[in-house]
Amino acid sequence: MSWQSYIDDHLMADVDGCHLTSSAIVGHDGSVWAQSSNFPQFKPEEVTAIMNDFDNPGSLAPTGLYIGGTKYMVIQGEPGAVIRGKKGSGGATIKKTTLALIIGSLIVMPALSSSCTRYFGVVGVVGCDRNEFGVSEMIDAISA
């Protein structure tokens, strides 16, 4: 399976009427391995800040998480493993693997069910055991 088909067929897939707004798999150096058609253009300083937060958890809290120029308020994640950001009724989640970052964002409309919000509040990397980019565990897609 190609990285692009993983984005298209899994991360962007519709589940019970819900889906991510955008997603990407990005190398630790900022190189894009695959992305949805509407994923925003990363700026080098955004990738640097994200990687720094994985090494020094909490460093993004004072300034916010930026993805493609959009600012998210940093909310509880998993230090060194997951960064979560909130913007309005939506948010973004970044999961660090051995070789890449898996990124997903969602705009939650008020009419969507709470189960949709809960499922996609974290990037839906459920059941992903793709050792090619270093994910060796199941990732629980229940938001904090």
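The model here is a predicted one: local features need pLDDT of at least 70, side-chain atom pairs count only at pLDDT 80 or more, and totals for chains, interfaces and linings use all residues. Residues are numbered from 1 along each chain as its sequence is written, and side-chain values use heavy atoms, with hydrogens and water left out.

Glu78 pairs up with Arg84 in a salt bridge, at 3.5 Å from N to O; the term calls for a side-chain nitrogen of Lys or Arg within 4 Å of a carboxyl oxygen of Asp or Glu. Arg84 is buried, with a relative accessible area of 6%. The count by this rule comes to 2 salt bridges. Lys96 also forms one, with Asp55, and the closest N and O atoms there are 4.0 Å apart. That pair ties together distant parts of the chain, with Lys96 in strand E6 and Asp55 in helix H2, 41 residues apart. Lys96 is partly exposed at 22% relative accessibility, while Asp55 is exposed at 54%.

Now for H2 itself. Helices (H or I, at least four residues) and strands (E, at least two) are DSSP runs, numbered from the N terminus. The 12 residues of H2 (residues 44–55) should span 16 Å at 1.5 Å a residue, and the end C-alpha atoms are 17 Å apart, which agrees; the expected span is 1.5 Å times one less than the number of residues. Buried in H2 are Glu46, Val47, Ile50, Met51, Asp53 and Phe54. Viewed down the axis of H2, the buried residues fall within an arc of 155 degrees, so they line one face of the helix; the arc is taken from the directions from the helix axis to the C-beta atoms. Their cover includes strands E3 (65–67), E5 (82–87), E6 (90–96) and E7 (100–106), where contact means heavy atoms within 4.5 Å. Pro44, Glu45, Thr48 and Asp55 are exposed on the other side of H2. Ala49, also found in H2, is partly exposed at 28% relative accessibility.

Ser36 sits in the loop between strand E2 (32–35) and H2, and is buried, with a relative accessible area of 4%. Leaving aside residues up to four places away in sequence, Ser36 touches Ile7, Met12, Ser22 and Ser23.

Conventions. Buried means under 20% relative accessible area, exposed over 50%, partly exposed in between (1.4 Å probe, protein chains only).
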